[in-house]
Amino acid sequence: MSLKSHPKLELHLHLEGAAPPAFIRGLSQERKVDISGIFDERGHYTYRDFWHFLKVYEAATSVLQSPMDYHRLTLAVLEECAASGVIYAETFLSPDFCGGRDLVAWRDYLAAIEDAAAQAEAELGITLRAIVTPIRHFGPDKAKEAARCAAETAGRFVTGFGIAGDEKVCEPEDFLWAFDCAREAGLGITAHAGEWRGPEHIRATLKALNPTRIGHGVRAIEDLALVDELAERGTVLEVCPGSNIALGLYPDWRSHPIGQLYDRGVKVTVSTDDPPFFHTTMAREWDRLHDAFEWDDGVFATLNRTALEAAFCDADTRQALA
Ligand code: ADE
Ligand code: ZN
């Protein structure tokens, strides 16, 4: 069964993490940067575990050195998304990688990405919005600078603020200033939690940062009282099952908690996270979920409805997608 042609919405996609390896390898040759160690003999990205994955991710990102590189990257990524039936995506963008948190440079990178997104929308019928996302293990001070970039550019394209990177580094309160700054600028709030730390970190993140969405959040399943609380609050989980399985969090699709979370009334959505790193696509995620949980068109329609309601886009964009 292939659900490839069904329209899909994706809320959790790291732009650099979605870079096709051939694209990054080509750019590394143009830039004369030797990152050959991040590819295996078949040309795929290779890493040992999540923490090594973060290093490989940063090495791949090191060859993206100009707004034009990000223009090309955005087009390449959106082509892949559209081929999987994605009609709306939100992507994480980090001022850390796009201009080193310098506001003038950030604006240039953003303009290039937005221009590519407009081209993809016209040619492929896919709409893109951006979530500014500092990297947690770069620390709270850099997150503040990223938040300033986010606040200065909040609008129709930059619609959200989040945090990614090594979940074991720092506590949610360390990022309070950055999140308050983003919230005051009108940005939607999400945060990665409950991927590499357990339920207590999800609770602490909800308490300190009050996000409407959680990136991953799947380890809530280890505390059913928290699962009930998430369902009651209507917190939306950006679940990335293929990512969790590739990174060894769960052994296989049938063991993944998304089925239980859905059955217990939690608002779940499905995304790919960093698709080529995890050998996945949105079409594959849907196909595997169909196989593992016998999810039918009704469940997939619910996932899409949840994603549309939780999307950080403006009302006009939401209306156009409905
Ligand atoms: N950055 C890219 N992918 C990530 C993930 N799965 N968790 C945290 N940070 C990330
Ligand atoms: Zn992520």
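Analyst: We may begin with R101, which lies in the loop between β2 (86–93) and α4 (103–124). Helices (H or I, at least four residues) and strands (E, at least two) are DSSP runs, numbered from the N terminus. This is a predicted model, in which local features need pLDDT of at least 70 and side-chain atom pairs count only at pLDDT 80 or more, while totals for chains, interfaces and linings use all residues. Residues are numbered from 1 along each chain as its sequence is written, and chains are lettered from A and ligands numbered from 1 in the order in which they are written.

User: Why is R101 called buried?

Analyst: A residue is buried if 20 or more other C-beta atoms lie within 10 Å of its own, exposed if 12 or fewer, and partly exposed in between, with C-beta atoms placed from the backbone. R101 has 22 other C-beta atoms within 10 Å, and is therefore buried.

User: What does R101 touch?

Analyst: Contact requires that the C-beta atoms of two residues, placed from the backbone, lie within 7 Å. Leaving aside residues up to four places away in sequence, R101 touches P95, D96, K142, E145, A146 and C149. In sequence R101 and C149 are 48 residues apart, yet their C-alpha atoms are 6.9 Å apart in space.

User: Why is S2 called exposed?

Analyst: S2, in the segment before β1, has 11 C-beta neighbours inside 10 Å and therefore counts as exposed. Beyond residues up to four places away in sequence, S2 touches A283 and D287. S2 and W286 are 8.3 Å apart, C-alpha to C-alpha, although 284 residues separate them in sequence.

User: How do you know that the buried residues of α5 line one face of the helix?

Analyst: The buried residues of α5 are A143, A146, A147, C149, A150 and T153. Seen down the axis of α5, these fall within an arc of 160°, so they line one face of the helix; the arc is that of the directions from the helix axis to the C-beta atoms. An α-helix has 3.6 residues a turn, so residues three or four places apart point the same way. The cover over the buried residues of α5 includes α4, β3 (127–132), β4 (158–161) and α6 (176–184).

User: What span does α5 reach, and what is expected?

Analyst: The expected span of a helix is 1.5 Å times one less than its number of residues. With 14 residues, α5 (140–153) reaches 20 Å from its first C-alpha to its last, close to the expected 20 Å. For α4, with 22 residues, the span is 30 Å, close to the 32 Å expected.

User: What makes β1 and β8 the edges of the sheet?

Analyst: Two strands pair if DSSP finds at least two bridges between them. The 8 strands form an open sheet in the order β1-β2-β3-β4-β5-β6-β7-β8, with parallel pairing. β1 (8–14) and β8 (267–270) each have a single partner strand, so one side of each is left without a neighbour in the sheet. As an example of pairing, β6 (213–216) and β7 (236–239) share 3 bridges in the parallel sense, and I214 stands opposite L237 in β7.

User: How do you know that the radius of gyration agrees with a compact globule?

Analyst: The radius is taken over C-alpha atoms, and the globule rule is 2.2 Å times the number of residues to the power 0.38. For 322 residues a compact globule would have a radius near 20 Å; the protein has 18 Å, which agrees. Buried residues make up 49% of the 322 residues.
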